[in-house]
Amino acid sequence: MAKPGPISAKPLSVLLGDVFSDAYAKQGFAARELVTRWAEIAGREIAAHSEPLKMQWPRPVEGQPQEPATLILRVEGPMALEIQHSSDVILERVNRFFGWSAVGRLALRQAPLSRRDRPKPSRAPDPKAVAEVAKTLSSVEDDELRAALARLGASIKRN
């Protein structure tokens with residue numbers, strides 16, 4: 001029996017690279033890495049609540065230097081104000097990624113994010129941990145308050 005030769009299968013990302021590049025180019029992205037590596041570029045906290053939608057490049061004026069683009073971010077509603085306050089940091093990180101001052105300003109669009117990996121709902125704390133914390137709260141007279149503080153303390157210790 002003859003040994004099989006080396007496998008020459010190519011990753012799907014290599015085969016479809018041109019297709020994705022065209023789709024990203026239509027949204028103004030010169031490279032898809034801004035979208036695919038958004039968590040690395042912007043930071044995990046910012047990326048958890050935002051994602052790049054597109055880049056809008058101003059029309060070039062003959063004889064004038066090219067103006068920087070506007071990066072449009074989709075942002076979850078409650079975090080829009082926080083991300084707006086962090087816009088200088090985001091611009092600095094994006095421009096550092098590109099290696100030149102490619103983006104001059106941010107525009108935010110409030111909408112649910114399109115990614116599929118939603119945060120998991122928090123689970124209830126372990127009853128044993130709640131009981132251990134409740135033992136330390138004997139000075140609290142109100143039973144409901146003591147139970148709530150015990151659950152809170154067990155949740156904090158878990159994380």
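Visitor: How many helices and strands does the chain have?
Guide: This is a predicted model, in which local features need pLDDT of at least 70, side-chain atom pairs count only at pLDDT 80 or more, and totals for chains, interfaces and linings use all residues. Residues are numbered from 1 along each chain as its sequence is written, and side-chain values use heavy atoms, without hydrogens and water. Helices (H or I, at least four residues) and strands (E, at least two) are DSSP runs, numbered from the N terminus. The chain has 9 helices and 3 strands.

Visitor: What span does helix α7 reach from its first C-alpha to its last?
Guide: Helix α7 covers residues 87-98, which is 12 residues. The expected span is 1.5 Å times one less than the number of residues. For α7 that gives 16 Å, and the helix comes close to it, reaching 16 Å.

Visitor: Which residues of α7 are buried?
Guide: Buried means under 20% relative accessible area, exposed over 50%, partly exposed in between (1.4 Å probe, protein chains only). On that basis the buried residues of α7 are Ile-90, Leu-91, Val-94 and Asn-95.

Visitor: Why are these residues on the same side of α7?
Guide: The arc is taken from the directions from the helix axis to the C-beta atoms. On the other side of α7, Asp-88 and Arg-96 are exposed. The buried residues, Ile-90, Leu-91, Val-94 and Asn-95, lie on the same side because they cover an arc of only 125° around the axis.

Visitor: Which residue just after α7 takes a positive phi?
Guide: The helix α7 ends at residue 98. Just after it, a positive phi of about 90° is taken by Gly-99.
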